[in-house]
Amino acid sequence: MKRINTTHFAILGLLRIRPMSAYELVKFSKESIGLFWNESYGHIHKSIKQLELDGAVTVVEETTKGRPKKVYGITQPGREQLDSWLAQAPEEPVMRNELLMKIFVSDERHVPHLVSYLEEELEASQRLSAMLAGIKAMVEPKEGHQARLWLLTLEYGERYVRMTGDWCQFALNILTDADRGHGNE
């Protein structure tokens, strides 16, 4: 079965929060949902153009001075499409993790590279954990149902990042053990 283009619904959902330009959509998504939803500027720009053709979004503000900028807002048909998608059960996620694939298909010759990759991933997890803590500090004081939903996704991110860091440390311990993993039998 063909997967639906969920990018369109992500854009509609973000525009329901507030009107944004394509650039602002990319920036906002990186700062808010980037841990579990990533799209390039080109993909968002292409999708928003299609949504505009479909009547799901419309230009609500356009600057003519300096750099051209179009700010998009969600239309009523766009809200209805979003609500319909929200009422459907999510599709099974497709997981792709290049680090895990490299570990799986490697042999002993590659262990030094794997150790380096794991150290980088551990450092990235620590940086991401600090960033999420900063975001949480900004969201928590807000009241209302929307903040509660944002905090739920943030909690998932914090747990995921913590698990990733713990696993990286576990894997490093095994790969750097003089007995190459025989210590935890």
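A pocket is an open set of grid points with protein on both sides within 12 Å along at least five of seven lines, and its lining residues have an atom within 4 Å of a point. In this predicted model, the second largest pocket is lined by Ser21, Ala22, Tyr23, Tyr41, His45, Glu62, Thr63, Arg67, Pro68, Lys69, Lys70 and Tyr72. The structure also holds 1 cavity of 30 Å³ or more. Two helix pairs, H1 with H2 and H6 with H7, are described below.

**Second largest pocket**

- The space in the second largest pocket amounts to about 330 Å³.
- At least two lining residues come from each of H2, helix H3 (41-53), strand S1 (57-63) and strand S2 (69-74).
- Strand S2 contributes the most to this lining, with 3 residues.
- Sorted by class, the lining of the second largest pocket comprises 5 nonpolar, 3 polar and 4 charged residues.
- Among the lining residues are Glu62, Arg67, Lys69 and Lys70, and Glu and Arg and Lys count as charged.

**Largest cavity**

- The volume of the largest cavity is about 50 Å³.
- Its lining consists of Thr7, Ala10, Ile11, Leu14, Ser29, Trp37, Glu39 and Ile44.
- Helix H1 provides the largest share of this lining, 4 residues.
- By class, 5 nonpolar, 2 polar and 1 charged residues line the largest cavity.

**Helices H1 and H2**

- Helix H1 (residues 6-17) and helix H2 (residues 22-32) have axes that come within 11 Å and cross at roughly 90 degrees.
- H1 and H2 are therefore roughly perpendicular to each other, as angles of 65 to 115 degrees count as such.
- On the H1 side the contact is made by Ile11, Leu14, Leu15 and Ile17, and on the H2 side by Leu25, Phe28 and Ser29.
- This contact of H1 with H2 has 6 nonpolar residues, 1 polar residue and no charged residues.
- Ile11, Leu14 and Ser29 take part in the H1–H2 contact and also line the largest cavity.

**Helices H6 and H7**

- The axes of helix H6 (residues 111-139) and helix H7 (residues 145-176) come within 9 Å, with a crossing angle of roughly 155 degrees.
- This angle makes H6 roughly antiparallel to H7, the cut-off being over 145 degrees.
- The crossing in which H6 passes H7 is left-handed.
- By class, 20 nonpolar, 7 polar and 5 charged residues make up the contact of H6 with H7.

Definitions and conventions: Residues are numbered from 1 along each chain as its sequence is written. This is a predicted model: local features need pLDDT of at least 70, side-chain atom pairs count only at pLDDT 80 or more; totals for chains, interfaces and linings use all residues. Side-chain values use heavy atoms; hydrogens and water are left out. Axes are lines fitted to C-alpha atoms, for helices over the stretch in contact, and angles run from 0 to 180 degrees between N-to-C directions. Angles under 35 degrees count as roughly parallel, over 145 as roughly antiparallel, 65 to 115 as roughly perpendicular and the rest as oblique. Contact means heavy atoms within 4.5 Å. A crossing is left-handed if the near helix is turned anticlockwise from the far one by less than a right angle, and right-handed if clockwise. On a 1 Å grid over the protein atoms alone, a cavity is a set of points where a 1.4 Å probe fits but cannot get out, and a pocket is an open set with protein on both sides within 12 Å along at least five of seven lines; lining residues have an atom within 4 Å of a point. Grid points are joined across faces, edges and corners, and a volume is the space filled by probe spheres set on the points.
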